[in-house]
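Have the structure open as you read.

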Amino acid sequence: MNKGIAIYPGSFDPPTNGHLDLMERGAKIFEELVVAILRNSEKSPMFSVAERLEMLRALTGHLKNVRIDTFDGLMVEYAKSMQAICILRGIRAISDYEYELQMALMNRKLEPTLETVFMMPADKYSYVSSRLVREVAQAGGPVKGLVPEIVEQRLRDKIVTAKQAEPRAIEILDRIDLGGKELDPKVAKRKKKA
Ligand code: PNS
């Protein structure tokens, strides 16, 4: 198709099989695909930008025309600075459409020369999102088949580390002087048990 650079922006917290599927499809169409991780997201991420960068680099090693980068501020400004011809976004279901349309039109308003191209990941990933993957993994559920193996391992490590840190966090909370305020019932219950 068109020769040129496309930007695939997102949070990728964590990257899923749906993301990877889209990168593979995008890599076939564009001369170069730059997967760009938003750095200044307001959300408190599960994985740091450095961790996401590392995971994405490992996952796309086989795609020679895919580059992983990070960006801050307006995406269209970043895309312009990269001399990109378009923005690539995935649409899984009709529920994605409204948000994606709004974002595409806002980006067009900000930079009329930049087009947004939508692609669909394989239908087997149509229900997979980073948010649901985090939720399932945090609740101890299986995410096999939804994320690449290295992401699955990283999720396991993250959750083990968080579990190990929990008693220490409770201990610290217990020592905090609440200045007459009531203790969180869950903490109070644990304190009573101890
Ligand atoms: O994977 P996500 O979280 O749906 O990706 C959203 C993202 C990063 C593409 C979007 O929030 C973005 O481009 N943010 C950068 C700031 C910006 O340019 N905002 C105006 C776009 S409407």
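Arg89 and Glu100 are both buried (under 20% relative accessible area, with exposed over 50% and partly exposed in between; 1.4 Å probe, protein chains only). Their side chains meet in a salt bridge at 2.8 Å, N to O, a term for a side-chain nitrogen of Lys or Arg within 4 Å of a carboxyl oxygen of Asp or Glu. Arg89 sits in strand β4 and Glu100 in helix α4, so this pair ties together parts 11 residues apart in sequence.

A word on the source: this is a predicted model, where local features need pLDDT of at least 70 and side-chain atom pairs count only at pLDDT 80 or more, while totals for chains, interfaces and linings use all residues. Residues are numbered from 1 along each chain as its sequence is written, and side-chain values use heavy atoms, leaving out hydrogens and water.

Now look at β4 itself, residues 84-90, where 5 of the 7 residues are buried. Helices (H or I, at least four residues) and strands (E, at least two) are DSSP runs, numbered from the N terminus. β4 runs parallel to β1, joined by 3 bridges, and parallel to β5, joined by 5 bridges; strands pair if DSSP finds at least two bridges between them. Ile87 partners Ile7 as well as Thr116 in β5.

Salt bridges also reach across the chain. Asp13 and Arg134 meet at 3.7 Å, N to O, linking the loop between β1 and α1 to helix α5, 121 residues apart. Asp13 is buried at 5% relative accessible area, whereas Arg134 is partly exposed at 21%.
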